[in-house]
Amino acid sequence: RYIYAVTRKLPEKSREEIGDEIRGLILDMLEDIDDTVSEEEKIGKVLKSLGDPEKLANKYRDKERYLIGPNYIDKYIFVIKVVSLSIFTGISIASGIGGLFSREGVVEFIGSYIDTLFSALLQGAAWVTGIFAFLEYKEISIDEASENKEWEPSKLPDIPHKKAMISRGESIFSIIFTTIFTAIFFFSPEYVGIYYKIGNDLRFVQVLNLDAYESFRFIILIIFTISIIKELIKIIEGKWTIRLAIIDTILNIISSILSINIISNSSIWNSDIVQNIEKYIRISFDRILFIVIASIVIITISESLVALYKGFKYGIQKGLSNIIK
């Protein structure tokens, strides 16, 4: 557990070598301790003399790194990369869609794209930095080993169950998809519609009533922020816990309520799209909205139940293992 706590903070290619080195160091130190004490006491003394695995891991790095703080720097840099990639992808797609119908010249279009991208990247970096700065300021622990100022071997984190681990890939995909979706709706809402082709001409029917849409922009921004924060917390935690399950459920419910509030408001929909749908489909537009809202409710309940199940299952198992120890 001590070796795991140290090596998990290091580059994957060097973990095995450093783990073997630490194991050998521990065994050598154990031989130097008087045999009058028990094996457990020997191990406790050795691990305590080696100190906090977080600090020992820092000694194995090529150099010390400080931006938000040594306990957060790895996750901070990782999240910055994910958010930057998501923003770049989202803005590029939104600008590309806008460029299909824009009458601006190439120079004006490129200038507008670079300006929007640079501004969005700065905002994204500011949000991520703000979140990590808040965690640092409030001394909110994201690792059990750092909860107490005086480190003890008994505080070593358990090696997590495989099913309790959260896939970073899923969280990254969710962040990218959410950013793309929000970028299109936020920066180019006039191009959100149903596209079709007549001859060589690409045409579309606009979905949103832009006059009414303006009053919902702030709510859309809140939904986007909640979605990103939810995935960032999953990346930071790395595994399902009771605390994470409860937070994830609360954020899911808030996001769903806000989404339903937007969808159920008939004023946000373009009257043309409503008429066209009811003209070619035998189901009313209100009925379609009801199905969409019902789907959101079902998905929210399902995801919340899964999150709570995993959180309480693995969180309680961890708590029971600590009690048994």
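**View 1. Lys234 forms a salt bridge with Asp248, with 3.6 Å between the closest N and O atoms.** The pair ties together distant parts of the chain: Lys234 sits in helix α9 and Asp248 in helix α10 (residues 242–263), 14 residues apart. A salt bridge here is a side-chain nitrogen of Lys or Arg within 4 Å of a carboxyl oxygen of Asp or Glu. Helices are DSSP runs of H or I, at least four residues, numbered from the N terminus. This is a predicted model, where local features need pLDDT of at least 70 and side-chain atom pairs count only at pLDDT 80 or more, while totals for chains, interfaces and linings use all residues. Residues are numbered from 1 along each chain as its sequence is written, and side-chain values use heavy atoms, leaving out hydrogens and water.

**View 2. Glu231 also pairs with Lys234, the closest N and O atoms being 3.8 Å apart.** Both residues lie in helix α9 (residues 217–237), three residues apart, or about one turn of the helix. Glu231 is buried at 7% relative accessible area, and Lys234 is buried too, at 13%. Buried means under 20% relative accessible area, exposed over 50%, and partly exposed in between (1.4 Å probe, protein chains only).

**View 3. Lys234 and Asp248 are both buried.** Shared partners join Glu231, Lys234 and Asp248 into one salt-bridge network.

**View 4. Glu214 meets Arg217 in a salt bridge, with the closest N and O atoms 3.8 Å apart.** Here Glu214 is partly exposed, at 47% relative accessible area, and Arg217 is partly exposed at 22%. A search of the whole structure turns up three salt bridges.

Methods. Helix = DSSP H or I, 4+ residues; strand = E, 2+ residues; numbered from the N terminus.
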